[in-house]
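Please keep the structure in view while reading.

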Amino acid sequence: MTAERREVRATSHVFEDLDRQLGLDRGPHGEPSRTDFQTFELLEISDTFANRFDELPQLIPGRPDYRVLIATGKLVRAYTVIAPLAPDGAVELVALDIDASAW
């Protein structure tokens with residue numbers, strides 16, 4: 001039996017995090033732009049939360065409504081995303097941390 005695909009919404013906090021961590025344009029040391037990240041990483045992040053929310057680790061033990069994704073990226077070494085369930089059952093991406101140590 002396959003779990004139902006959940007709706008996923010990226011909150012303004014995720015885009016603020018992205019703006020702080022990546023530039024509008026690609027960087028001189030191979031840093032991706034915000035648009036690159038949104039195109040290649042954020043879509044995969046959304047799909048992971050949509051399809052595997054219940055399989056991801058709990059951010060807070062005993063709180064199954066908060067999950068965390070720690071993964072390697074296509075464009076970045078690694079990232080962490082925190083997402084709780086909203087009252088309507090959708091997953092809300094609320095925090096993003098990108099490992100920029102490769103630059």
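Among the contacts of this protein (heavy atoms within 4.5 Å) that join residues at least 6 apart in sequence, 47% link residues at least 24 apart. The model is a predicted one, in which local features need pLDDT of at least 70 and side-chain atom pairs count only at pLDDT 80 or more, whereas totals for chains, interfaces and linings use all residues. Residues are numbered from 1 along each chain as its sequence is written, and side-chain values use heavy atoms, with hydrogens and water left out.

The protein has two helices and five strands, where helices (H or I, at least four residues) and strands (E, at least two) are DSSP runs numbered from the N terminus. Read from the N terminus on, the elements follow the order β-α-α-β-β-β-β. The radius of gyration is 14 Å, close to the 13 Å that the globule rule gives for 103 residues, so the protein is as compact as a globular protein of that length; the radius is taken over C-alpha atoms, and the rule is 2.2 Å times the number of residues to the power 0.38. Along the principal axes, the C-alpha atoms fill a box of roughly 45 × 25 × 20 Å.

Of the 103 residues, 33% count as buried, a class that means under 20% relative accessible area, with exposed over 50% and partly exposed in between (1.4 Å probe, protein chains only).

Turning to the charged side chains, the count comes to 11 salt bridges, each being a side-chain nitrogen of Lys or Arg within 4 Å of a carboxyl oxygen of Asp or Glu. In one of them Arg 9 pairs with Asp 88, the closest N and O atoms being 3.0 Å apart. Arg 9 lies in strand 1 (residues 8-10) and Asp 88 in the loop between strand 3 (78-84) and strand 4 (91-93), so the pair ties together parts that are 79 residues apart in sequence. Arg 9 is partly exposed at 27% relative accessibility, while Asp 88 is exposed at 53%. Both residues also belong to a network of salt bridges that links Glu 7, Arg 9, Asp 88 and Glu 92.

Another salt bridge joins Arg 26 and Asp 36, with the closest N and O atoms 2.7 Å apart. Here Arg 26 sits in the loop between helix 1 (12-21) and helix 2 (34-52), and Asp 36 in helix 2, 10 residues apart. Arg 26 is exposed, with a relative accessible area of 62%, whereas Asp 36 is buried, with 10%.
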